[in-house]
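Welcome, and please get your viewer ready.

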Amino acid sequence: MAPSIMWFRRDLRLADHPALHDAVRAGGRDGVIPVFILDDALLAPSGPTRARFLAACLAELERSMDAALVLRSGDPARELATLAAEVGASTVVISDDFAPQGRRRDQVVAEHLAEAGVELVRRSSPYAVDPGTVRGDKGNAIKVFSAFWRRWEAIGPHVVLPVPAVRWRAAPSTATLDDLVARAGRLRPALFGDLPDEMEGALPAAGERAALLALEHFVEGPIEGYANDRDVFALPATSRLSPHLRFGTLHPRTALRAAGGGGKGAAKFSSELCWREFYADVLFHNPQSVREPLQAQFRHLPWDEGPAAEAAFRTWALGRTGIPLVDAAMRQLLIDGWMHNRARMLAASFLVKHLHLDWRWGARWFMWRLVDGDLASNTHGWQWTAGCGTDAAPFYRIFSPIAQAERFDPNADYIHTYVPELSGISAPAVLQPGGGVDLLSQASYPVPMVDLKAERAEALRRLDVAKAANQAAP
Ligand SMILES: Cc1cc2nc3c(=O)[nH]c(=O)nc-3n(C[C@H](O)[C@H](O)[C@H](O)COP(=O)(O)OP(=O)(O)OC[C@H]3O[C@@H](n4cnc5c(N)ncnc54)[C@H](O)[C@@H]3O)c2cc1C
C-alpha cells in the first residue's frame, strides 16, 4: 500500500468529512498526507480580509492534525502530481467542487494525475445535496426556490460521520500561510480606486472548533426566535455561520442535524441553508450567470457608466450616501467584513435601482470585502435583488430605505451602531434621508446623494427601455 493524499479546499475540518474517510481507507497503514495548495487563480481575485480568514482556518486545521498539513503553491495539477510522485501515492481524494472554475480545474487535475497513474477520487461536496442532484419530473433543472425546497427537503436524513482515526503523514511544505496572504488580492479592480481594503474590526474566530461553538450557541439560544427576529438589523438573531460554511469548517449536514426537525426557528433555518444549496444548483446549471443576467431581457437595461458613475459607486461603497440605513449597511461591511442579510438586499437594491449602477459592480465589491464571500450565493443574491435572477422578485419591487428602517430598525439601533455621527438624533427623524441632520449645523453626515422618489421613477423608466429593446431584438 501507499499513503493517500487528502487535498483540502473548501472542507477545512475533520468531522463530518466523507472524503477524509475515503482517504483513510485508501491510505491504510501508510496513512494520509493532507495538503492545501495556494492557487493564484483563486487567491488573486480574493480581497485580503477573506484571505486572512482562510489562513486562520488553515492554521487551526494544521493544529488539529499535529502540524502535518503540507502547503504547496502553484498549479494544482502539477503540484499534486509532484507530491504524489515524491511520496508514492496512487490516490488523491477531494470533496467535490461544483463551481464553474473549480469544475474546470478538477477536470484538468484528474486528467493530469491519470497520466501519472494516480486516481482522483471525489466524494461529497460543501452541500448537503450535491448541486445538479435535485431535478424536476422530467430531469430538468428547477428554477424556482419553493419547488427546489420541497424536493431538497425530501432527501435525507443526512448521515453525519465522526472524526476518523487518521495516521497523518508529513511531507515537506514549499509555501507558508504568510505567502497565502501575500498572494491574495492581486487582481484588484480599477473601479475600486482608493477604497480601503482592510476591515476595521476583528476577524471572526476561525476554524472547526470556533464553527462548532458558534453552531452550539445558535441552537441553544437564537434559533428559537430566528423565524421572527432574523430580519431585525440590530439583533444578533442569526447564526453568523456563513464564513464557516464558506470554508467548510462546518458542513451544512452538521448544522441541519444540530438544528433538529422541530420548531419554527429550525424550519426557517433549514430553508435558509437550502437557499445556499439552491443558488449553488442554479450556478451549476448556469455557469454564465456569474457574468450574465439569468433573465435575458435584462441584458438591455441601461446602466450609468463613466467617471461620475464610478464616483457614485465609491460613495456607496464608503457608506457616504446620506441615506442612513444604506450607509449603516455599507459600513457594517467595511467594519465587520460581514453584512446582515436584509441589509445586503437593501444596499444592493439601492445601488441598482436608485443609483442605476450595474449589479456586477456591487457583486464585485461584496466579493472583495465579505469574509463569507461565496460566488454562488453572492451572484444570485445580487441577481435576485436586481430582479434579473431566479424567482419572483420583480425589478419593480424596489426596497425603500425609509420603510425598511421603520420596520426593521425602528429605534435606529443599527443606524446608530454603524453611523456614529448620527447618534445624537433619534428615530423617527434619523431614519429619513439626511438622517434628520440640520443642514446648517455643518454636521459631518452627507446630504442625500439622490432623491429616492425621483430615482425610483427613473428605474422604472429604464425597465421600460429594457423591455422595448428586448422586444425589438431579433
Ligand atoms: C446581495 C447579496 C449577497 C450575498 N452574498 C453572500 C455571500 O457572498 N456569501 C454568503 O454566504 N451569503 C451571501 N448572501 C446570503 C446571506 O445574506 C448570508 O448568507 C447571511 O446573511 C449570512 O449570515 P448568517 O450566517 O447569520 O445567516 P443565517 O440567517 O443564520 O442563515 C444560515 C445560513 O443559511 C445560508 N443563507 C441564509 N440566507 C441566505 C441567502 N439569502 N442566500 C444564500 N444562502 C443563505 C447561509 O449559508 C447562512 O450562513 C448574500 C445575500 C444577498 C442579498
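Which helices are included in what covers the buried residues of helix 12? Keep that in mind while you select residues 264-285, which make up helix 12. Remember as you look that this is a predicted model.

**Stop 1: helix 12**

Helix 12 has 22 residues. From its first C-alpha to its last it reaches 31 Å, close to the 32 Å expected at 1.5 Å a residue. Now show the side chains of its buried residues, among them Phe269, Leu273, Cys274, Arg276, Glu277 and Phe278. Further along, Tyr279, Ala280, Asp281, Val282 and Leu283 are buried too.

Here is the reply to the opening question: the cover includes helix 6 (145-154), helix 9 (226-229), helix 10 (242-247), helix 11 (252-259) and helix 17 (375-385). Give each of these a colour of its own to see how they sit around helix 12.

**Stop 2: helix 16**

Next, select residues 359-369, which are helix 16. Eight of its 11 residues are buried, so helix 16 is largely enclosed by the rest of the structure. The buried residues include Trp359, Trp361, Trp365 and Trp368. Gly362, Ala363, Phe366 and Arg369 are buried as well. Among the elements that cover them are helix 3, helix 13 (307-317), helix 14 (324-336), helix 15 (341-354) and helix 17. Helix 17 may be coloured already, as it is also part of the cover of helix 12.

**Stop 3**

Switch to a cartoon view and find the open sheet, where five strands follow the order 3-2-1-4-5 with parallel pairing. Strand 3 (70-73) and strand 5 (119-122) are at the edges; each has a single partner strand, so one side of each is left without a neighbour in the sheet. On average, neighbouring strands are turned by 30 degrees against each other, direction ignored.

Zoom in on strand 1 (residues 4-7) and strand 2 (residues 32-38), which run parallel and are joined by four bridges. Pick Ile5, and you will find Ile33 of strand 2 opposite.

**Stop 4: the loops**

Where does Asp66 lie? Look in the loop between helix 3 (48-64) and strand 3. Asp66 is not a glycine, yet its phi is positive, near 50 degrees. It has 10 C-beta neighbours inside 10 Å and therefore counts as exposed.

Compare Arg240, in the loop between helix 9 and helix 10. Arg240 is another non-glycine residue with a positive phi, about 55 degrees. With 18 C-beta neighbours inside 10 Å, Arg240 counts as partly exposed.

Two prolines are worth a click. Pro428 is in the loop between helix 19 (413-418) and helix 20 (452-472). A cis peptide bond joins Pro428 to Ala427, with omega about 5 degrees.

**Stop 5: the domains**

Finally, zoom out and colour by domain: domain 1 (1-125), domain 2 (127-159 + 207-285) and domain 3 (296-468). The C-alpha centres of domain 1 and domain 3 are 39 Å apart. Five residues from domain 1 and eight residues from domain 3 take part in the contact between them. On the domain 1 side, those residues divide into two nonpolar, two polar and one charged.

Technical notes:
Residues are numbered from 1 along each chain as its sequence is written. This is a predicted model: local features need pLDDT of at least 70, side-chain atom pairs count only at pLDDT 80 or more; totals for chains, interfaces and linings use all residues. Domain bounds come from an automatic or database domain assignment. Two residues are in contact if their C-beta atoms, placed from the backbone, lie within 7 Å. Ala, Val, Leu, Ile, Met, Phe, Trp, Tyr, Cys and Pro count as nonpolar, Asp, Glu, Lys and Arg as charged, and the others, Gly among them, as polar. The expected span of a helix is 1.5 Å times one less than its number of residues. A residue is buried if 20 or more other C-beta atoms lie within 10 Å of its own, exposed if 12 or fewer, and partly exposed in between; C-beta atoms are placed from the backbone. Two strands pair if DSSP finds at least two bridges between them. Axes are lines fitted to C-alpha atoms, for helices over the stretch in contact, and angles run from 0 to 180 degrees between N-to-C directions.
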